[in-house]
Each structure stands twice: as structure tokens, then as C-alpha cells.
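Here is a brief report on strand pairing. Please look over the sequence and the structure first.

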Amino acid sequence: MSTCTRKLSFRESAIVPAAQGNVKFKKDKNKNYAIDLSVRHLSPPERLVESRDTYVVWAKTERNGLKNLGQLRSRRGLFSKQLKSELETVTTFEPRGFFITAERAADIGYPEGQVVLTTD
């Protein structure tokens, strides 16, 4: 990686109050942005008041609007009660902020569901 890493934290949420997380990103030598997102204690989307099927991660960009970065995958370990969710991806668009929505499908072009976490 050719530049320094930026780190943004997700703000507290009334929808998923126990959730905590952050996003690290930096520009690589190919002028893409490597993104590493991690969230703990995020309840399964089907347990929300407005039940959904998945969480989708979005990037706010300065010149290209909102970009779907992908589905947030959750892990629930046999020996861990802590819910961990992660997404590692690369994008050509420079991110200015991030948010996570609860959606019915992951392959959507614009957020339709409720915003559950945001960095700003």
C-alpha cells in the first residue's frame, strides 16, 4: 500500500445499540482503495424490528454518489457468543464515508432499507 491508512468508526445506533465497528481504508499502488470493515455485536438482520435478509455496506463518494460495496457476512462461532461481521473489498472510487443498511437483497444499486450504522 502506498499511502497511509485512514480509520473511521461507526457511531452508536438506536437500531442496533450493541454494535461497534470501524472501517480502515487506503489507496494502493494501482490507485484503488482497499477497504477492511469490521463490526462486532451486530444482531442478525432477521431479528430487527423490520426483519430483513442481509446487511449491505455502502460507500459515500465525492464524485460518484453511493456505491454498494457488498454484503456484510456474519460469523457466529461455536465457542464465541460475540457476533462478528466483516467485509474486505477494493473499489476504484474514493470513499468519504460508509454506512450499513438492512436489505432484502444484496445486489441492489441504491439503498432501500433502514440505515443501521453510519460513520458520519
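## The hairpin

Strands β2 and β3 make a hairpin, with 5 residues between them. Lys 31 sits in the turn and has a positive phi of about 65°. The model is predicted.

Val 23 stands opposite Leu 37 in β3. Gly 21 has Val 39 in β3 as its bridge partner.

## Pairing of β3 with β6

β3 also pairs with strand β6, which covers residues 84–91. The sense is antiparallel, and the pairing runs over 8 bridges. Val 39 stands opposite Ser 85 in β6. Val 39 is also the bridge partner of Gly 21.

## Pairing of β2 with β1

Strand β1 spans residues 6–9. β1 pairs with β2 in the antiparallel sense, over 4 bridges. Which residue in β2 is the bridge partner of Arg 6? The partner is Phe 25.

## Strand order

Key. Residues numbered from 1 in each chain as written. Predicted model: local features only at pLDDT ≥ 70, side-chain atom pairs only at ≥ 80, totals over all residues. Heavy atoms only, no water. Pairing = 2+ DSSP bridges. Helix = DSSP H or I, 4+ residues; strand = E, 2+ residues; numbered from the N terminus.
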